[in-house]
Amino acid sequence: MEQGLGSDSVPPSGSIDKSRVLDVRPLRCLVPMFPSSPGMGSVSNPQATPFVCVPPTGPFPPGVAPLYPFSVSNGSHNRQNTTPSGAPNQPGLYGFGNTTIPSPVPLNAFRTPQGPSANGDAGPSRKGNKNRAMQGIVIEDDGYSDSQNQSELYASGFSMHVNDVEDGSSGRRQKNGGSQKRTRRAQQHLDSFSEVDVDSEANRFLTTFGLVELDPDRKSNGDREIVQRILLVFDLLRRKLTQMEEAKDATPGSTRRPDLRAATTLMTNKGIRTNIMKRIGHVPGVEVGDIFFFRMELCLVGLHAPSMAGIDYMSVKLTLDEEPLAVSIVSSGGYDDEGDDGDVLIYSGQGGVQRRDGQMFDQKLERGNLAMEKSLHRANEVRVIRGLKDVSGSTGKIYVYDGVYKIQESWTEKNKSGCSVFKYKLSRVAGQPAAFTLWKSIQQWKGGVTSRSGVILPDLTSGAESQPVSLVNDVDDVKGPAYFTYIPSLKYLKPFSSPKSFTGCHCLGGCQPGDSNCPCIQRNGGHVPYSSIGVIMSYKLLIHECGLTCSCPPNCRNRTSQAGLKVRLEVFKTKDRGWGLRSWDPIRAGGFICEYAGEVVDASRVGELASEHEDGYVFDATRVYEPVENVHDASSESAKAPFPLVISAKNSGNVARFMNHSCSPNVYWLPVLQESNNDSYLHIAFFAIRHIPPMQELTFDYGMIQSDQASYRRKKCLCGSAKCRGYFY
């Protein structure tokens, strides 16, 4: 308006002349840009210079600045891609230029309403981004045009993958209770996190794992070691935050997002991430079949940069103009994707938002959809990450890297609401390891649709475990290992003596986080050591579990190692290392696998067992074991048992006796102490160091011997690790 709007003076009530016609102008309008001549001020007579018509995306002559929102840098609007140092990028893989991934992509301070979370293509409008940027959060917004306002965004319920439910929650996701309720709850969670000294915890983990200052080259191009190290630090920090939050707020069903907080801390505050240069094809350090339990893990390792958008793309200059090319997609089931075929995926485009009033829109050929169309014609490879249901008790998803695909064709069709959507047919490039197809095969084995080949025994335990353990040999004619008696737990002839009597807890409903009166929680430093799904929450040298005199039920969280197997395991014949152990199910980092069962023997008999060649089935807690940390420093400590425990599984034992040695293991052990009155029962529990995909062999480090017998007890190591010592004991 010419008058009244934006004016500081407010006319008195009743003095407005309603007969006047006001000149109403839009609040946001585009006007011609007139470059300033040299020597002139920024405000000059428009007639002093000739009219210049400048496209909104450039190029811009001297004196002309880009218009908002084209001044906002993202993958599709960058006119000159540069490295972190400011130098232009050099041509990358496949001849395409690399693009720096915007840092970072998590959002953690606002509501996550339910919506079509499938591919996660929906993203917030720029109007919403402006508010969130004030909180130091940057997000990818590939799903919405600039004309869509914030109310439409929240009405549609954008996908932020609220299925990444935290371990410490009850596993139930709260229903939508109104936008104000969601906003208030999200702010409460943010405030509670601010009370936690997140920075000091992050620094502790980064120092331990040698990530305080990440080399710029390894930021741009990662490797297997750095990828695993970053993911491990992220998960340890995430679990620690969960444990600390649980101790302060044990409300059943509360939804926490420590994964977002941990990722924000690492990427934004610490600059810890790798493969920040976008590229076509595989990502260094990430292997086909790798699994991820959180979308933020994909961002950390550069496999898929946006935390919400289902299509990630980069701008490349193949001709005179730049054009977008798709680099990766996430297919997680919310859109009408068709992915049952292990080698073919029918992928739905992004967009087509449902507003609060119920209206739907046709998808547009822009952003991710345009990048997919360009990739069809350029025939470049596109990484495919499939989101699968987590059957371990969580309501979240597991993201499986299924390798690279190529887009074969595209078309449009009407969806159930009558709106036009883009469809893309992708075919998997041949010669890659099995990933999604392996998951499908395992589900068919479990459902009895097909039979597992090479099965000798369907259940090696004869019902002793809650989960059957198959005995499989598909490499030779050996019919099975030497006879032994299967026992699910450790057998003690006489327990260790405790110097102090312990009468146990009185938690009739189970030990609960935040209960400062529980003596078992007090012995664990004020925290329950496990999550509700059996994940170890922090690295400790000793775990105190509830014992025989405790009043808590068998399903108490602090009895995790006593509940038996939680995953479907398989004893299988290896090609050159005898029998081994692996899982049909994916295992989370920190997830409990099994205990080492057998007969407790006197520590003085270790030499005797070795001379009788029985030490292949002996666990000796008195050995020196490598710590979990990849990088050792003065503060690194290995697991230490409070008693000289030696277990023989030669004649009786469980699945742990088949676990082979590796110099780069994916499993580690911790001593678990169960006390009753003056008796102490020490057990050995095995946990996953990192996420373990199905059918990957489970291994741990057998440890080192520091004695005169060490030289003649060495065995040749065949683990095949890049860090193989060449021998083990």
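The tour below goes through strands and sheets, then aromatic rings, then a few single residues.

Before the first stop, note that this is a predicted model, in which local features need pLDDT of at least 70, side-chain atom pairs count only at pLDDT 80 or more, and totals for chains, interfaces and linings use all residues. Residues are numbered from 1 along each chain as its sequence is written, and side-chain values use heavy atoms, with hydrogens and water left out.

**Stop 1: strand β6**

Select residues 344-348, which make up strand β6. Helices (H or I, at least four residues) and strands (E, at least two) are DSSP runs here, numbered from the N terminus. Four of the five residues of β6 are buried, so the strand is largely enclosed by the rest of the structure. Buried means under 20% relative accessible area, exposed over 50%, and partly exposed in between, with a 1.4 Å probe and protein chains only.

Two strands pair if DSSP finds at least two bridges between them. Which residue of β9 is the bridge partner of Ile346? Click on Lys425 to find it.

**Stop 2: a sheet of three strands**

Next, display β18, β20 and β19, which form an open sheet in the order β18-β20-β19 with antiparallel pairing. The edges are β18 (599-601) and β19 (618-620), each with a single partner strand, so one side of each is left without a neighbour in the sheet. On average, neighbouring strands of this sheet are turned by 25° against each other, direction ignored. For such angles, axes are lines fitted to C-alpha atoms (for helices over the stretch in contact), and angles run from 0 to 180 degrees between N-to-C directions.

Zoom in on β20 (residues 646-648), which three bridges join to β19. Val618 has Ser648 of β20 as its bridge partner.

**Stop 3: a sheet of four strands**

Move on to the open sheet with the order β10-β11-β15-β16, where the pairing is mixed.

For a parallel pair, select β11 (residues 470-472) and β15 (residues 569-573), which are joined by three bridges. Within this pair, Val472 stands opposite Phe572 of β15.

**Stop 4: aromatic rings**

Show the side chains of Phe, Tyr and Trp. Rings (for Trp the six-membered one) pair if their centres lie within 6.5 Å; planes under 30 degrees apart count as stacked, over 60 as edge-to-face and the rest as tilted. How many aromatic pairs does this rule give? The count is 21.

Select Tyr492 and Tyr681, an edge-to-face pair with 5.4 Å centre to centre and 90° between the planes. This pair links distant parts of the chain, 189 residues apart: Tyr492 is in the loop between β12 (485-486) and β13 (496-502), and Tyr681 is in strand β23 (residues 667-688). Tyr492 counts as buried, at 17% relative accessibility.

Phe700 and Tyr702 make a tilted pair, 5.0 Å centre to centre with 50° between the planes. Phe700 is buried at a relative accessible area of 4%, and Tyr702 is buried at 16%. Both belong to a cluster linked by ring pairs, whose members include Tyr596, Trp669 and Phe728.

Two arginines are worth a look too. Arg657 lies over the face of Phe484, 3.9 Å from the ring centre, and Arg714 lies over the face of Tyr727 at 3.8 Å. A charge sits over a ring if NZ of Lys or CZ of Arg is within 6 Å of the ring centre and within 35 degrees of the ring normal.

**Stop 5: single residues**

Select Asp515, in the loop between β13 and α11 (519-523). Asp515 is partly exposed, with a relative accessible area of 27%. Its C-alpha atom is separated by 7.6 Å from that of Ala247, 268 residues apart along the chain.

Finish with backbone angles. Most residues other than glycine have a negative phi. Arg367, in helix α9 (residues 367-378), has a positive phi of about 50° and is buried at 14% relative accessibility. Asn677, in strand β23, has a positive phi near 55° and is partly exposed, at 39% relative accessible area.
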